[in-house]
Structures are given as structure tokens and as C-alpha cells.
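Work through these exercises with the model open in your viewer. Each task is followed by a solution in steps.

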Amino acid sequence: FFGDPTPARGDIVMFRSEELGELLVKRVIGLPGETIELTADGDLYVNGEYVEQNFDMKSKPYQAYGPITVQEGKYVVMGDNRGNSKDSRDRFVGPLERKMIKGHVRCVVFPLNKARILGE
């Protein structure tokens, strides 16, 4: 990790799923101790309050999730392509322990025609 090692909501992080044998990149949506719910319409609620999601969620329909309370020391992650994503809703991924998160994703380099620095 560069900078703050504590993942925050909205951060894009990478982690290795041993069960899937893959390196995955997902967005943090739930922090330890929070109650998370994603509706079938794609609306995100944290502790019962609606959270604006300022990115293009590409596919529908969404798989509803929760409400669940995130255990201490764990994080809930979801892909921006919520209708087709291996993420915390998947039994092979689930909420992540902090030690599973390997770093923040800061830029996209492939495909080259879509290279960009995230957050700009």
C-alpha cells in the first residue's frame, strides 16, 4: 500500500482469491461494523442510509445483497459491473480480511486505449 493502508469506502483494491485462484480488483463498499444492503435496483445503503455511487455501474439486473453487518477486521467489496461480478456476494470470495487486500488500484493501463489514472 502507498499512503494510508486502511481501505476506505469507494477505494478500488486488489486481492487474491485463493478459492478462485485469481487476482481480483473490486471497490470497497462496506467497512468493519457497518450494515450493508444492496437492493435489486442497485441502490446501496450503509447503516440504513442511502449512499450515492458516483461511477457507471455497467450491467443489470443486480443481485440483491444483505442487509449484513460486516464483521470487525473485514471489508465488503463489489465490482462496478455488479450484475456480473465475483465479489463479496460470492461464497468463494465473501467479506475480505484486511490481510487479503494487497493494495489500492491507482490507474488502468490495459487496454491501452482506456489507460487512465483513477479518481480523475
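**Exercise 1. Find the bridge partner of Lys-74 in S8.**

Step 1. The model is a predicted one. Go to strand S7, which spans residues 74-78.

Step 2. Look across to strand S8, residues 96-97. The partner of Lys-74 there is Glu-97.

Step 3. Now take the strands as a pair. S7 and S8 run antiparallel and are joined by two bridges.

**Exercise 2. Determine which residue stands opposite Val-76, and how S2 and S7 run.**

Step 1. Strand S2 covers residues 22-30. Its residue Gly-30 stands opposite Val-76 in S7.

Step 2. Count the bridges between S2 and S7: there are three. These two strands run antiparallel.

Step 3. Check how covered S7 is. Four of its five residues are buried, so by the cut-off of under 20% relative accessible area the strand is mostly covered.

**Exercise 3. Search the whole structure for salt bridges and state how many there are.**

Step 1. Apply the distance criterion: a side-chain nitrogen of Lys or Arg within 4 Å of a carboxyl oxygen of Asp or Glu.

Step 2. The search returns four salt bridges. Three of them are worked through below.

**Exercise 4. Characterise the salt bridge between Glu-34 and Arg-9.**

Step 1. Take the closest N and O atoms. They are 2.8 Å apart.

Step 2. Glu-34 is in the loop between S2 and strand S3 (35-38), while Arg-9 is in the segment before strand S1 (12-17). The two are 25 residues apart, and the pair links distant parts of the chain.

Step 3. Compare accessibility. Glu-34 has a relative accessible area of 11% and is therefore buried. Arg-9, at 31%, is partly exposed.

**Exercise 5. Explain why the salt bridge of Arg-27 and Asp-80 ties together separate parts of the sequence.**

Step 1. Confirm the contact: the N to O distance is 2.7 Å.

Step 2. Assign burial. The relative accessible area of Arg-27 is 15%, so Arg-27 is buried.

**Exercise 6. Are Arg-89 and Asp-87 buried or exposed?**

Step 1. Start from the contact. Arg-89 and Asp-87 form a salt bridge, with the closest N and O atoms 2.7 Å apart.

Step 2. Read the accessibilities. Arg-89 has 10% relative accessible area, and Asp-87 has 0%.

Step 3. Apply the cut-off for buried, under 20%. Arg-89 is buried. Asp-87 is buried as well.

Definitions and conventions: Residues are numbered from 1 along each chain as its sequence is written. This is a predicted model: local features need pLDDT of at least 70, side-chain atom pairs count only at pLDDT 80 or more; totals for chains, interfaces and linings use all residues. Side-chain values use heavy atoms; hydrogens and water are left out. Buried means under 20% relative accessible area, exposed over 50%, partly exposed in between (1.4 Å probe, protein chains only). Two strands pair if DSSP finds at least two bridges between them.
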